[in-house]
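Open the model in a viewer with selection by residue number. The tour below goes stop by stop and says what to select at each.

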Amino acid sequence: MDNETEPADPTPEQTAAIPDPESSEGPVLARSKWVRRLLWAMAIVLVFILYVKGISHNPPGFYVDESGIAYNAYLVAQTGAGEFGPRFPLFFQFYTGGFTQYASPTSVYLLAVFFWLFGPGILLARLLAAASMYAAALLLGSLAARVTGKRMVGFIVAVSALLTPWLFEVGRLMLETYFYPMAVVLFLWAVYRAQQKNKWAWSDCVWVALSLTLLTYTYTIGRLLAPLLALGLLCFATRKRHLFAVVKTWLIYGVTLLPLVVFNWRNPELVTRFYLVSYIKPQSTLREIIPKFASRFLEDISPSLLLLRGDLNPRHHLPDALGSMFFVTFILAVSGIIVVLIRHRRESWWWFVLFGLVASVVPGAMTGDKFHTLRMIAYPMFMLLMTAPALNWLLDEPAELQTTDSPVTDVEPAKGSSSRGKFWLASRDVILGVLLVALIAEASYFHWQYHHEGYKRGYVFDTDYKALYDLAVAQPNRPIYLVDNYWGPAYMHAFWYAVLEGRNHSEFIHQPYNVRPPAGVIVLSTERNCSGCVLISQKSIFILYRTTQ
């Protein structure tokens, strides 16, 4: 052992690298991590407060379909049953007579939970809608970051989604669509996680199938869109085991559709609404349907409608505030499609997203209304996700400037390659900077218009009904008769406002359709005019009078 050498004393650098058992670096890092999480949570809450600014009065009033969802949600919270039918129904009947339609369960049951916890209220309902859209935008950004591996891409996608007029406006309405973007994002997350694996486990198939089920039962369009997206899963069937996984997913999803099949068999009027809004009738032939569908499809993807006008219904989109989507988002989405076709053409995931982009237009194209934002509510989610490949390409480091893990290389860089890489970096920064500045400018214009003009749309949110309702309940006569006529089933408003004011339901009688009320009673109606009556007041499409015969 005499020939053994003594170990050399460690150098100062080595000494500094040796962890000190007494050091508090570990706890400090842990605290720093929790501080960052806390700061992020505070930022998310602060941005949400800004996101819902003015929601108590903008949009104004409460549209009749919003009252329908809110009233049924209140009844479910109290009794488990809606206005009609048994407890905990699969679908909720809204209205009566010629106005009968069915609402999907997700929107009603989710709102019922919040009414059960906090009590009924218009502001609470609108906040739930906004929170659902806000969370969907953040989750979409998170998915974009996961797919591209770049947090900046996710941040830009999330901010774009929050600012997009289409999603912002729909997210402030308590309509069936308020949760649909969230359902779309949850489905995309389930598919992305599953397709990353070489073999889908049963749990993956279950999650994808359940997310399809959520799409089906959340909004009417889901009964068409969800099966189309299920068919699109064939994009991943590149191997036999993947095809088997897709078939398993279909089988699980099919089982969840059995309640829908049974309900439709017992309630054939479930599809009546579709025939009312669509050019497709039971007697229509393919020769009639196909040309009309192609024409409507092209109308719904028209850039002029998307970017310059938006939905012509002022309830869905503020007039004179440009289109429902920003020019920058559209440019990035189209660029993203090009990038996918060039750089990602072998990736099943992006082919599926492209399929979903096309499929999301189909429900709207099968109805008569041009660019109906509610029936195409899944479209902007796929459009925004399609901006991720373009953003990823803009943020990619050029190959000439990428470092290698090997400390030695025998390959000399091509002459001028470094200069080209630096030039691309500078160009990329300029392009991205211009796009982001333009996005901020577009968003600033729309949101300024919305916050200064949006509250003036009371005529499409039934604000005049509340004025006549207040006048009606101030009369000594009871009960007050509610008559549905030319302008629709506004009786729902009276039932909902009675809930908010703690009035007894017996103060009102909802008159059967086309049955005249008795003489000497107060009537709140949607008739265009009245005969044999003394007019008390009339505002827009609503009329209050006393019958004389």
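In which sense do S3 and strand S5 pair, and over how many bridges? Select residues 480–483 for S3 and residues 522–525 for S5: the two strands pair in the parallel sense, over 4 bridges. Keep in mind throughout that this is a predicted model.

**Stop 1**

Show side chains on S3. Ile-480 and Leu-482 point one way, Tyr-481 and Val-483 point the other way, and all of these residues are buried. In a regular strand the side chains alternate between the two faces of the sheet. Towards S5, Leu-482 stands opposite Leu-524.

S3 and S4 run parallel and are joined by 3 bridges. Ile-480 stands opposite Phe-508 of S4.

**Stop 1**

Which strand pairs with S5 in the antiparallel sense? Select residues 542–547, strand S7, which pairs with S5 over 4 bridges. Leu-544 of S7 stands opposite Leu-524, the residue already seen opposite Leu-482. On to S6: this strand is antiparallel to S7, with 6 bridges between them. Gln-538 has Ile-543 in S7 as its bridge partner.

Zoom in on the turn. S6 and S7 form a hairpin with 2 residues between them. Ser-540, in the loop between S6 and S7, has a positive phi of about 50° although it is not a glycine.

Next, select residues 463–473, helix H21.

**Stop 2: the loops on either side of H21**

Select Asp-462, in the loop between helix H20 (417–453) and H21. Asp-462 has a positive phi of about 60° and is not a glycine. Its relative accessible area is 9%, so Asp-462 is buried.

Then select Arg-478 and Pro-479. The peptide bond joining them is cis, with omega about 0°. Pro-479 sits in the loop between H21 and S3. A cis bond also leads from Asn-58 to Pro-59, with omega near 10°; Pro-59 lies in the loop between helix H2 (25–51) and helix H3 (64–79). Most residues other than glycine have a negative phi, and most peptide bonds are trans.

**Stop 3: the nonpolar cores**

Which residues touch the most other members of the largest nonpolar core? Select Leu-111, Leu-212 and Trp-349; the core has 156 residues. Setting aside neighbours within four places in sequence, Leu-111 is in contact with Ile-69, Ala-70, Ala-73, Ala-125, Leu-128, Met-174 and Tyr-178. A second, separate core has 6 residues, among them Val-521, Val-523, Ile-543 and Tyr-545.

**Stop 4: helices around H17**

Select residues 348–359 (H17) and residues 379–395 (H19). These helices pack at an angle of about 145°, with axes 9 Å apart, and their crossing is left-handed. From H17, the residues that meet H19 include Trp-349, Trp-350 and Val-353; on the H19 side they include Tyr-379, Phe-382 and Met-383.

Ile-337, Val-340 and Leu-341 of H16 make the contact with Trp-350, Trp-351, Leu-354 and Leu-357 of H17.

**Stop 5: His-372**

Finish at His-372, in the loop between helix H18 (362–365) and H19. Why does His-372 count as buried? Its relative accessibility is 11%, and buried means under 20%. Not counting residues up to four places away in sequence, His-372 touches Asp-311 and His-316.

How values were computed. Residues are numbered from 1 along each chain as its sequence is written. This is a predicted model: local features need pLDDT of at least 70, side-chain atom pairs count only at pLDDT 80 or more; totals for chains, interfaces and linings use all residues. Side-chain values use heavy atoms; hydrogens and water are left out. Buried means under 20% relative accessible area, exposed over 50%, partly exposed in between (1.4 Å probe, protein chains only). Two strands pair if DSSP finds at least two bridges between them. A nonpolar core is a set of buried Ala, Val, Leu, Ile, Met, Phe, Trp, Tyr and Cys residues joined through side-chain atoms within 4.5 Å. Contact means heavy atoms within 4.5 Å. Axes are lines fitted to C-alpha atoms, for helices over the stretch in contact, and angles run from 0 to 180 degrees between N-to-C directions. A crossing is left-handed if the near helix is turned anticlockwise from the far one by less than a right angle, and right-handed if clockwise.
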